[in-house]
Amino acid sequence: MSNLEDLYREIILDHYRSPRNRGELASPPAHRVEGFNPLCGDEVTVYLDVNDGVLTDIKLTGHGCSISQSSSSLMSTAVKGKPLEDVRATIEAFKELMTAHETTTDEEERDATNLRTFGELAALAGVVKFPVRIKCATLAWNTLQQGLQELAS
Amino acid sequence: MAPGQRVSSFNARRVRADIPQLTRRINGRPITYLDSGASSLQTHSVIDAMSRYYELRHANVHRGVYQTANEATDAYEGSRAAVARFINAPGEESEVVFTKNTTESFNLLAKVWGATNLGAGDVVLITQMEHHANIVPWFQLREATGVEVRFIPVGDDYRLDLTNLDELLRDVKLLSITGMSNVLGTKNRVHDLAAIAHSVGALVAVDGAQMVGHGPVDVTALDIDFLAFSGHKMLGPTGIGVLWTRESVLDTMGPFMGGGGMIADVTLDGFTPAKGVARFEAGTPPIAEAVGLHAAVRYLEGLGMDHVAAHERYLTEDALRRLDLTFDGRVRVIGPLDVIDRGGVISLDVEGVHPHDVAQVLDQFGVCVRPGHHCAKPLMRRFNLAATARASFGPYSNTADTTVLLEALEHALKMFG
């Protein structure tokens with residue numbers, strides 16, 4: 001039985017009310033990439049400063065529901081200042097978290113261990129129990145991934 | 001008046017007992033269905049009529065000789081006649097075309113009547129409060145023929161701004177407007193606008209999706225030329241809609257999709273379309289859905305459409321009043337605040353809570369509302385909104401539904417505040 005508290009953890013509400021790394025970076029030199037969720041109208045714009053293989057700065061603007069906006073904010077704190085390979089690994093891990101299915105008790109235990117490595121991001125794990133909201137949580141991450149791909153090409 | 005008390009001779013409790021889905025529990029609470037603007041719930045009689053049809057009378061319609069084929073044809077055509085009576089079509093069943101839904105009705109109108117009657121220099125006048133179903137087909141027609149698509153603006157009072165109507169009407173060949181906005185609840189003065197449009201030689205099409213099933217709709221009295229609506233928004237099933245048009249107009253229209261059932265003859269050289277409504281209904285039609293729609297029409301006639309309208313007006317007035325009293329501006333209604341020319345669709349902007357979060361919290365209370373742009377993006381842009389949370393009533397709604405809505409909204413405000 002999923003309830004609202006699984007979805008709207010206090011950390012999520014906090015990041016929704018006070019989003020981190022909110023704003024713009026001069027572009028250029030920063031790389032700017034936009035993401036949309038046409039179904040619900042959520043929008044996010046990600047600004048990336050990459051220097052010597054490190055994501056030295058990230059800013060975000062946009063509007064949308066608490067899940068999309070807090071996920072953007074949580075993402076920015078998780079990836080800022082990290083080497084790109086770590087950023088890519090975090091994106092992959094987060095997207096994997098968002099595709100988890102029904103779990104058994106054993107798996108839950110293992111997942112709980114894994115979740116610890118997510119830090120604050122683990123607060124978003126409950127989203128997976130509300131399948132229509134997964135696209136809200138992944139919007140910023142897909143946008144960031146697209147931005148990194150554009151930079152690499 | 002105390003919540004739950006009824007005012008008219010209309011007995012909402014009896015209607016509720018006729019809707020099986022209202023026995024559902026959602027998240028441990030009785031369902032509070034406030035999404036009739038998107039789709040209404042069905043009565044036992046509608047569901048049973050469709051079941052009985054499939055159990056005993058199913059066959060393909062038209063051209064059959066055996067008994068059940070004749071029964072299926074009679075059932076299908078009987079539905080057409082019932083729909084014609086329901087909207088008081090002057091030419092009766094020969095003016096009712098069955099489509100898939102309102103969207104298909106508008107596509108038929110644009111792609112058949114529009115493509116043959118409209119070209120560069122002509123104008124289709126619509127409004128800024130239209131559903132995409134009455135916008136996109138005209139944009140598509142514009143691409144094909146160069147017709148101009150013009151919009152009547154919406155004022156800050158959430159009603160059509162008719163200040164420059166004379167100018168807007170220049171070169172207009174079709175006025176195509178919604179009878180009631182699916183976002184604002186605003187009802188447009190269809191009869192008056194139709195008279196003005198006719199005076200400049202334009203025809204008049206009306207989006208009746210939010211009208212038919214919520215009050216009396218009489219195409220003869222409205223003096224319009226086309227009416228589009230959906231079965232599933234008037235207690236009927238999905239998969240069937242209607243395009244009504246005058247026989248004199250219908251006779252000038254070519255076929256829509258090609259295939260079986262829409263022809264008089266086919267040779268190696270070509271085809272001759274069938275006469276009458278058949279030429280717009282290629283392929284096996286939605287027979288069971290027509291049977292269901294007939295049952296819905298019968299049910300609504302039994303309630304009396306005047307009573308349905310009065311009941312929904314009462315619910316709307318009660319909800320608007322209590323939203324204002326309870327939230328003191330923290331929940332803003334995007335639409336008229338009085339019930340004159342207004343229906344039972346209430347779009348809400350909840351302070352500090354995104355509509356998707358509103359709907360998510362409400363779901364926990366068993367409350368079904370719709371978050372989003374409601375397929376009316378030009379209107380949403382007009383009011384600088386990405387989305388609203390929309391509650392909408394049907395004949396089976398009651399003031400207790402509003403009570404639960406208010407309780408759930410209170411919780412959402414507390415949670416995000």
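This is a predicted model: local features need pLDDT of at least 70, side-chain atom pairs count only at pLDDT 80 or more; totals for chains, interfaces and linings use all residues.
Local features need pLDDT of at least 70 and side-chain atom pairs count only at pLDDT 80 or more, while totals for chains, interfaces and linings use all residues; side-chain values use heavy atoms, leaving out hydrogens and water.

**Stop 1**

Select residues 44-57 of chain B, which form helix 2. Helices here are DSSP runs of H or I with at least four residues, numbered from the N terminus. Helix 2 of chain B has 14 residues and spans 19 Å from first C-alpha to last, close to the 20 Å expected at 1.5 Å a residue; that expectation is 1.5 Å times one less than the number of residues.

Now show the side chains of Val46(B), Ala49(B), Met50(B) and Tyr53(B), the buried residues of this helix. Buried means under 20% relative accessible area, exposed over 50%, and partly exposed in between, with a 1.4 Å probe and protein chains only. The four cover an arc of only 95° around the axis, which puts them on the same side of helix 2 of chain B; the arc is taken from the directions from the helix axis to the C-beta atoms. Turn to the other side for Glu55(B) and Leu56(B), which are exposed.

**Stop 2: helices 4 and 5**

Select residues 102-117 and 136-145 of chain B: the axes of helix 4 and helix 5 come within 9 Å and cross at roughly 30°. Axes are lines fitted to C-alpha atoms over the stretch in contact, with angles from 0 to 180 degrees between N-to-C directions. The two helices are therefore roughly parallel to each other, a word used for angles under 35 degrees.

**Stop 3: Phe139(B)**

Stay in helix 5 of chain B and pick Phe139(B). Not counting residues up to four places away in sequence, Phe139(B) touches Val149(B) and Phe151(B).

Methods:
Residues are numbered from 1 along each chain as its sequence is written. Chains are lettered from A and ligands numbered from 1 in the order in which they are written. Angles under 35 degrees count as roughly parallel, over 145 as roughly antiparallel, 65 to 115 as roughly perpendicular and the rest as oblique. Contact means heavy atoms within 4.5 Å.
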